[in-house]
Amino acid sequence: MKILVILLMFTVLIGCQSTGNPVDEQFVTIVIKHTEPEVWTANYKLTKPVAKLFFSRDQNVFRHKFFKFANSDFMIKIENGKEIVIRKDGSKFEEFKFSFTPYTDFLKQDYEFSLPFSDSSYAIYTGHFSVRTEHHDKIKEQFHIVPLKKEKLVFDGKSFKEQQIWVPKGDMESTYIYFGNAAPTESAQLGLLMDPGIPKWLKNSADKALPKIFELFGDEFQYTPDPTPFVIASAGDMNKDKVSRIGGGSAPGWVHFNISGKGWKKPSKDLEERFIYVIAHEGMHQFQGRANKDYLREGWLMEGSADYFSQWAMYKLGQITLSRLKEKISKSANQCVSILEEDPYILGNPSKNSNYTATYACGRVLHEAIHMVIAKKDPKGMISLWKKLYEKAKSNNGYFIPKSYFEILKEMGIKGSYINAAHEFIYSKQGNPRESIKNLFDMSGLKYKLRSPKNKEKGQQFIVL
Ligand SMILES: [Zn+2]
């Protein structure tokens, strides 16, 4: 069976950082109204006129394809690869309106515009409507969300029968708004909206695993995400042959994952493991504080720890055995070696085209080794380090600071040579990544052997014992 895991992603680069003072006086009200089964309108009202309006999330140029302005005086112009709303005659404006249909194409390094549900309902991402000024100032926004008659809205884990106002709050800058009739369930740990098209065996598995995973993270880290995470599970085309796809994403306040393909219909241990892994990985992102704008550089910390802790949680909750956990560590180590051999700077200094998988695999390996090093003094290992990262983040507006990782190790009394090895692994050129990982494993006391390569493998392969 062909199995694909696609798009595991956390909050991604917004593309530009604020360079000027916040424009406190500028404010936008965006009315998103569902008008027909697959048609919505968006009506923008600004408090001050502008000549150009930029979209805040600008990694992808896609809106001009399907945003249809009510007034033909307006258009979306592409300027230096960015989409801007302008009046054709260049004059200033305070208000405009367009209609749109669902857009489900893949967006590079960004969240899907709309998530399709199997009953033809959709969740729509507010972030793709957010706007900024020419000078990169974010404009404060308020969304008015209007459903069709007899349709419900679901966001922040709650269901509503009538139009609602949504504003960014706490760490949550944007969210998915669901328009349809699926009902969410709520628990202390999370709100969950499950597509009725998700096969029953998988639904049962998710119902059991999800709250346990979130509870475990909350208990161990003694951290309560604010707001309570809202998990959206959608099912795309479930009739695609011989495929079982799963992808997911998350940002503070929400997690989504989407499955598609016939493969999911038949219960299997392997599929269940993949499914729980995606939930646990994306779920872990809810316990990482706020995401920095320079996310690519921090992937080793954020994605690496999401992989480390999701696999730890799966083992702890009995979803995988110890030998399976070891297989996963071995796989990450070998994957890390092969990517670093191609791109020796990717961990500390990735480029936009870097193979981002390295941050998951190499970060995961580093955290495993560091856990074992800390555990010689403190059995909680990485969990203790993680709790201290929250403490340090408090003085940085909730954002994790990568260098805190090394500072905390020092404060915990870890040997300087070990801290240097960890630091070099991330920030120095990796001329011989296999040796670097051997070094990390040796200092941690993790037992392993190296075996000869098979088939297309390049060089000796780690096997964690
Ligand atoms: Zn992730």
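Phe275 is located in helix H2 (residues 269-284). Helices (H or I, at least four residues) and strands (E, at least two) are DSSP runs, numbered from the N terminus. The model is predicted: local features need pLDDT of at least 70, side-chain atom pairs count only at pLDDT 80 or more, and totals for chains, interfaces and linings use all residues. Residues are numbered from 1 along each chain as its sequence is written.

Phe275 is buried, with 24 other C-beta atoms within 10 Å. A residue is buried if 20 or more other C-beta atoms lie within 10 Å of its own, exposed if 12 or fewer, and partly exposed in between; C-beta atoms are placed from the backbone. Leaving aside neighbours within four places in sequence, Phe275 is in contact with Leu202, Ser205 and Ile246. Two residues are in contact if their C-beta atoms, placed from the backbone, lie within 7 Å. Phe275 and Asn258 are 17 residues apart along the chain, and their C-alpha atoms are separated by 9.9 Å.

Ser310 belongs to helix H3. Ser310 counts as buried because it has 25 C-beta neighbours inside 10 Å. Its contacts, leaving aside neighbours within four places in sequence, are Tyr277, Ala280, His281 and Met284. The C-alpha atoms of Ser310 and Glu282 are separated by 8.5 Å, although the two residues are 28 residues apart along the chain.

Helix H3 as a whole is mostly covered, with 16 of its 18 residues buried. From its first C-alpha to its last, H3 reaches 24 Å, close to the 26 Å expected at 1.5 Å a residue. The expected span of a helix is 1.5 Å times one less than its number of residues. Gly318 follows H3 and has a positive phi, near 80°.

Helix H3 (residues 299-316) packs against helix H5 (residues 357-375) at an angle of about 70°, and their axes are 7 Å apart. H3 is therefore roughly perpendicular to H5. Axes are lines fitted to C-alpha atoms, for helices over the stretch in contact, and angles run from 0 to 180 degrees between N-to-C directions. Angles under 35 degrees count as roughly parallel, over 145 as roughly antiparallel, 65 to 115 as roughly perpendicular and the rest as oblique. On the H3 side, the contact is made by Gly299, Trp300, Leu301, Glu303, Gly304, Ser305, Asp307 and Tyr308. On the H5 side, Thr359, Tyr360, Cys362, Gly363, Arg364, Leu366, His367 and Glu368 take part. The residues of this contact divide into six nonpolar, six polar and four charged. Here Ala, Val, Leu, Ile, Met, Phe, Trp, Tyr, Cys and Pro count as nonpolar, Asp, Glu, Lys and Arg as charged, and the others, Gly among them, as polar.

Helix H5 is also mostly covered: 16 of its 19 residues are buried. At 1.5 Å a residue, H5 should span 27 Å, and its end C-alpha atoms are 27 Å apart, which agrees.

Helix H4 (residues 322-342) has 21 residues. H4 reaches 31 Å from its first C-alpha to its last, close to the expected 30 Å. Its buried residues are Lys328, Ile329, Ser332, Ala333, Asn334, Cys336, Val337, Ile339 and Leu340. These residues pack against H3, H5, helix H9 (433-444) and strand S23 (461-464).

Several loop residues were also examined. Glu457 lies in the loop between strand S22 (448-451) and S23. Glu457 is exposed, with 12 other C-beta atoms within 10 Å. Glu457 and Ser338 are 119 residues apart in sequence and 8.9 Å apart in space, C-alpha to C-alpha. Asn455 is found in the loop between S22 and S23. Asn455 is exposed, with 4 other C-beta atoms within 10 Å.

Most residues other than glycine have a negative phi, and most peptide bonds are trans. Asn455 has a positive phi, near 45°. Phi of Asn397 is positive too, near 60°. Asn397 sits in the loop between helix H6 (382-394) and helix H7 (402-411), and is exposed, with 9 other C-beta atoms within 10 Å. The peptide bond from Asp226 to Pro227 is cis, with omega near 0°. Pro227 lies in the loop between helix H1 (200-221) and strand S19 (230-235).
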